[in-house]
Amino acid sequence: MAANKELFKKLYRIRRFETVLLDQFKTGIFPGTTHTSLGQEANAVGVLSHLRKDDVVVSNHRCHGHFLAYGGDPQALFAELMGKPSGVCGGVGGSQHIHWRNFYSSGVQGGTVAMAAGMALAEKRIKSGAIVVGFMGDGTLGEGIVYECLNMISLWQLPILIVLEHNQIAQTTPTSLAIAGSVIKRFEAFGIPTEELDTSDILEILPVAGKLIEQVRLETAPRALIITTARLGAHSKGDDTRCPNEVESLWQLRDPIAIQAARLPEMAFNQVVSAVDAEIQRAFEEALAAKGSLQ
Amino acid sequence: MSRSPVKTVLDSLNRGLYQALADDPRVVLLGEDLLDPYGGAFKVSRGLSTVFPDQILTTPISEAGITGIAGGMALRGLHPVVEIMFGDFTTLISDQVINHIAKFHGMYHGKVTAPVVIRTPMGGRRGYGPTHSQSLEKFFLGVPGLMVLAPFNLFGDHPLGAPGRLLYDAIVKTEMPVLFVENKLQYLLSLLKDVDLSEYEVLTDDGKDAFSSPCYLLRIKSAPKARLVLTAYGYMAHLALDAMHRLAYEEEIFCELVVQTRLAPLNLEMLFEAVSRAGSLLTVEEGTFSMGWGAEVVARTAVTLGTGLKQVGRLAAKEGVIPVAPELEAACLPGTDDIIARAKEMV
């Protein structure tokens, strides 16, 4: 019960952050664009809840959920997205290029898999005991460097968990127009033991991710986790070309927040929602009030 | 190999790698076919896997992958060195260099460094043909956050020799990513010692940075005032030195030669001074002519010297593929005779 409430809080913090972000984008305070984690919150929380302090995370363009689940400060992320000096990377990196402690994200597809592999090789060489979690999307399966790196990850037995968030759409291109053959066999062909999940339920992701991370840690060897998931928002802000009925159906069936909320008594739900809403609102306002060129 | 006397550019680079691996456990060398007895396609890495088995990683044919992996290693505190077998294959690593390794320091707001050194041999004149003979470094010049170095075949005052010292410093003494441009024919050149250079006055500008990537000026001792400045790097610097000598003794045309070892970011102070004395500048490079290194050098010189720059010339490879046939290849790439001919036209 307490655990369910805590998990809901972790999920809802990401949801609330992204909702406020999209809402405030209309006011023009955020330069550029952004990619939100709407619908994929349970992947971030389910995997990253198992990390230790020294472990390393490499994320991609859709990194806000990963950053917050890693323990990143929502105010520093808001400030980064606003281009403020108080942002995570001084306003230079923006939405896609975040580095804080052992968290790194970047926006060019495929290269982050190489970054993650190199980091795992470094941690193995210096015998730090740390492992690396590398997130990628199904769209990234189109990049050749991914396969070069899967080969070396297995060849050199690197301590890395690859998490493929398979949201079945790459920007506007559905998987059916982009991926031939089997996704899991891509990993298995390189000798990387891989588990597949098709769920948005945190309680299903959490134990599988925990088991795989434990295996990576104990065996100093790679694993992969394919999570078939649902992108409930647009690729970035207004570029969702899917049929509205299809998206509505995903909201009905695949919303990780609703799935976990259903496990909470109303009072607990309300407590979390009001506390998180206040926290995120405060983070937003403090970020906005910080000095910066966009004041 | 690593303990034999340092005579050639190849020996010097090999010794520089050896010393970096010996001195710094953060150094790891990655690349294709590196293991002894082969020791890399051009033997720069020969002997290293025998002495430092834990620091040499032979890799699959995955240039992009190993370069990207080196970037990740560097972010976590190592100093990886990547050997790319032929310079032509740097096209395969360009995203990793430009969008990743050279970006990390700036895009993460100075919180990280990515000290990766990528070594690769450019250059033709070996009959390797269109895709194994090019000098593609110009595509990496001007990438913010990336240093591009090219050694000169001097011995200098360091036991490693100047090329080995430049490589050693690039690996151990800088946190900036480096593309280290070697050259297939330059490998075979003897390092020029003081005795070889007794006819010349050699000035060295180590630059203002802690990391030394020197610029050299060579001129014939007691020669009349130079009427032309030649500038070049790498193997072309060797040919330009030969041309300068012949121009003096066969044509009584006196030049100064400025040799760059750091192609980016540019360090042209010594060149500006030389050109301000002579008035004329000829740049020489082995890459193709259009948008080349020499074009930027000429532009910078013109901007700095204004009317002090009276005449410029550029020599570079012809635009087109580099043929296998020896006569056709020679006609495509600038040689000593071409430098002499152009210099005679200019003075």
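These legends accompany close-up views of a predicted model.

**View 1. The fold of chain A.** Chain A holds 11 helices and nine strands. Its radius of gyration is 18 Å, close to the 19 Å given by the globule rule for 295 residues, so chain A is as compact as a globular protein of that length. Along the principal axes, the C-alpha atoms of chain A fill a box of roughly 50 × 40 × 40 Å.

**View 2. The interior of chain A.** Of the 295 residues in chain A, 52% are buried. Contacts reach across the sequence: among those between residues at least 6 apart, 77% join residues at least 24 apart.

**View 3. Where chain A meets chain B.** Here 25 residues of chain A are in contact with 24 residues of chain B. On the chain A side, helix 5 (111–125) and helix 6 (144–155) each supply at least two residues. Helix 5 of chain A gives the largest share of that side, 11 residues. By class, the side of chain A that touches chain B comprises 14 nonpolar, eight polar and three charged residues.

**View 4. Helix 8 against helix 9 in chain B.** The axes of helix 8 (residues 269–278) and helix 9 (residues 293–305) of chain B come within 10 Å and cross at roughly 65°. The crossing is right-handed. Helix 8 of chain B contributes Leu271(B), Phe272(B), Val275(B) and Ser276(B) to the contact. Thr301(B), Thr304(B) and Leu305(B) come from helix 9 of chain B. The contact of these two helices of chain B has four nonpolar and three polar residues, with no charged residues.

Methods: Residues numbered from 1 in each chain as written. Chains lettered and ligands numbered in written order. Predicted model: local features only at pLDDT ≥ 70, side-chain atom pairs only at ≥ 80, totals over all residues. Contact = placed C-beta atoms within 7 Å. Helix = DSSP H or I, 4+ residues; strand = E, 2+ residues; numbered from the N terminus. Nonpolar A, V, L, I, M, F, W, Y, C, P; charged D, E, K, R; others polar. Axes fitted to C-alpha atoms, helices over the stretch in contact; angles between N-to-C directions. Left-handed = near helix turned anticlockwise from the far one by under 90°. Rg over C-alpha atoms; globule rule 2.2 N^0.38 Å. Buried ≥ 20, exposed ≤ 12 C-beta atoms within 10 Å, placed from the backbone.
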